[in-house]
Amino acid sequence: MPVALSILDLAPIAAGQSARDSFAASVELARAAERGGYERVWYAEHHNMPTIASSATSLLIAHVAQHTEGIRLGAGGIMLPNHSPLVIAEQFGTLETLFPGRIDLGLGRAPGTDRATMIAIRRAATSADSFPQDVLELQGYLSGDSQVPGVQAVPRAERPVPLYILGSSLFGAGLAARLGLPYAFASHFAPDALHPAVSAYRNDFQPSEQASRPYVIAGVNVFAAASREQAVEQQQVAYRNRARAFISRGMGGRVFTDAEIDAFLASPNGRHLSAMTKYTATGTVDDVRAFMSEFAESIDADELMTAHHAESVAERIHSVELTAGLLD
């Protein structure tokens, strides 16, 4: 059975570039995804991260939707405890009204940021505890069956925006199964619980109005290039920059050399960071196809959410183009 391919666009801001450059790149990436027949493109809510421009996620979705034709676009995800369910229902009801049949809403319960920023968002430490109830409240607004007497989300689109539960643990798997919603596992950066979580989700799934059977989406990192050497070099640059950003935050912004970064990645703490990107397909089309096929088969995935991390926009788009249709 073919496995659908989609894209998670982190809207990166590369060194020497601006957020405006990032948004232009996101449009070009979505257009490439549309040409390549990808299922959807999602954007993630992150805050206080100088290298990620997708903090106002619903606005970015609207911008990209205005510059594309028909590809599905959505949040992967909105960190619901950061927001009022009513406000998110209004935002995504507006998006679905403007771009009917094209909008998805993936929901997570993490803060998507550090503790200080979480406080600045006005999020309490216990906000995640009400995530299941918040999902149900949001679902009610989107369907026109509000759980809050006298309160409706306006505008409400003609059809409900489909919901997806995002997670990296058994908690999200259990909630998605109980609510009968598709489940997207963040295996592109949190691989450890992938197999038990997907197994629990499938075993406990209860059909719902949105989904009659389990639907599993799994994240995978991709560096596809004309040669394996080029892809490996792109991966090294991207993952060194990732590690550099990670350790610089606690070191007063000090700039580390490639040799220092490599030494860190070889250390116990660094190996933990490297292990987060365990599921990474790197190489030529054949290399990437082989990795993704084996990965998808190992969990019987319905869809792979590919994250392309090459530093330059041209290399990222080329990776998207090479990967298109590999699992048809």
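Helices here are DSSP runs of H or I with at least four residues, and strands are E runs of at least two, both numbered from the N terminus.

The model is predicted: local features need pLDDT of at least 70, side-chain atom pairs count only at pLDDT 80 or more, and totals for chains, interfaces and linings use all residues. Residues are numbered from 1 along each chain as its sequence is written, and side-chain values use heavy atoms, leaving out hydrogens and water.

Glycine 174 has a relative accessible area of 27%, so glycine 174 is partly exposed. That class sits between buried (under 20%) and exposed (over 50%), with a 1.4 Å probe and protein chains only. From glycine 174 to arginine 228 is 54 residues in sequence and 39 Å in space, C-alpha to C-alpha.

Helix α1 (residues 19-35) has 17 residues. Its buried residues include Ser22, Val27 and Leu29. Among the elements covering them are β1 (4-9) and α12 (313-323). Glycine 37 follows α1, with a positive phi near 80°.

Helices α7 and α11 pack at about 45°, their axes 9 Å apart. Axes are lines fitted to C-alpha atoms over the stretch in contact, and angles run from 0 to 180 degrees between N-to-C directions. Contact means heavy atoms within 4.5 Å.

| Helix | Range | Residues in the contact |
|---|---|---|
| α7 | residues 194-204 | Leu194, His195, Val198, Arg202 |
| α11 | residues 285-299 | Phe295, Ser298, Ile299 |

Technical notes. Expected span 1.5 Å × (residues − 1).
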